[in-house]
Amino acid sequence: MKQMLLDLMRMSRICRMVLATCLGSFILVIFYFQSMFQPVMRRNPFAAEGCCRKGSRNALQELYNPTQAEFSAAAVLHQARRDQVADTCRAHSASSHKRHVLTPSDLKHLVVDEEHELIYCYVPKVACTNWKRVMMVLSGRGKYSDPMEILSNEAHVPSNLKTLNQYSIPDINHRLKSYLKFLFVREPFERLVSAYRNKFTLRYNASFHKRYGTKIVRRYRKNATTEALQSGADVKFQEFAEYLVDPGTQREAPLNEHWQTVYSLCHPCHIHYDLVGKYETLEEDANYVLKLAGVGDSLRFPSYAKSTRTTDQMAAMFFNNISSQQQGQLYQLYKLDFLMFNYSIPSYLKLQ
């Protein structure tokens, strides 16, 4: 009888321990789901008082459920841009047999601002230097207040910004679901000519001349001089175009980010971007993003020098120096960018 009582007491103790464990797990599960569906709105205690305070609603909530009339008007425009991307992706998926699964290495262009819950995919030659400056102000814990005080070369130092590929898979998925994701795009051939002008016609870009220019001259210039072969400093646009459309170029390695397609840099058919800004309406779209993030009163997107930008007329001048065959091949290379972001075929293009 005594042994039976001892056994019952022992079982009762075990039951209490099991019950306590189950209750603890239940509370943990409840906390986990609450954190998923009701993310905590964080305020950075180190943020400067004059800049970049975040409101009670995050940017994603303001975009899809605007509380201000000006946001409601802009929301219609940006919904149309999202629809254009989605329609192009569906059409491309239906006609393509290729399937690409994203890996963390595909996310190295996605810059994360934890404080304001933003993810920005940077595209070179689409005001990305100024956007990186702005992201450094937003995520800098008060270290910066004026984007233009940040040197351009400092903005491109990888360690100054955190990118999405640096996170664990669960953390990547959480941020893709919960943060506002945006990118800025530009008329594809204006961007291409801008990249050519910047990287191949300016003396200070000797590293590009050595890395790409010498290769291009060696492959596509007949009777090249020894100096041209050694320096690669005088690449013609026609030679650059020939390099881009050569099937061997992409077999060697992905295109350099300055002339890679937006489709390949930012993966808009795999990542749902909430906002697509355009270079043609840069300041308006950029400041809309900052307003959504709750910092529009204290931070403005830097103005840019319109006098030096590559225009449609400039792009036409360069494209008139290449054959209609090359024009068509370049259009095929950048076709998805044209369609996805609603850019019409340039009037100067002579397609066969």
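**Close-up views of a predicted model**

**View 1. Glu117 is buried, at 3% relative accessibility.** Buried means under 20% relative accessible area, with a 1.4 Å probe and protein chains only. Glu117 sits in the loop between strand E1 (110-113) and strand E2 (118-121). Its phi is positive, about 55°, although Glu117 is not a glycine. Most residues other than glycine have a negative phi. Strands are DSSP runs of E with at least two residues, and helices are runs of H or I with at least four, numbered from the N terminus. This is a predicted model: local features need pLDDT of at least 70, and side-chain atom pairs count only at pLDDT 80 or more. Residues are numbered from 1 along each chain, and side-chain values use heavy atoms, without hydrogens and water.

**View 2. His267 lies in the loop between helix H12 (262-266) and strand E5 (275-278).** Phi is positive at His267, about 55°, although the residue is not a glycine. His267 is buried, with a relative accessible area of 9%.

**View 3. Helix H3 (residues 69-95) packs against helix H13 (residues 282-292).** The angle is about 120°, and the axes are 12 Å apart. H3 is therefore oblique to H13. Axes are lines fitted to C-alpha atoms over the stretch in contact, and angles run from 0 to 180 degrees between N-to-C directions.

**View 4. Glu70, Phe71, Ala74, Ala75, His78 and Arg81 in H3 meet Asp285, Tyr288, Lys291 and Leu292 in H13.** Contact means heavy atoms within 4.5 Å. The residues of this contact divide into 5 nonpolar, 1 polar and 4 charged. Asp, Glu, Lys and Arg count as charged; Ala, Val, Leu, Ile, Met, Phe, Trp, Tyr, Cys and Pro as nonpolar; the others as polar.

Conventions: Parallel < 35°, antiparallel > 145°, perpendicular 65-115°, else oblique. Buried < 20%, exposed > 50% of the residue type's maximum accessible area, 1.4 Å probe, protein only.
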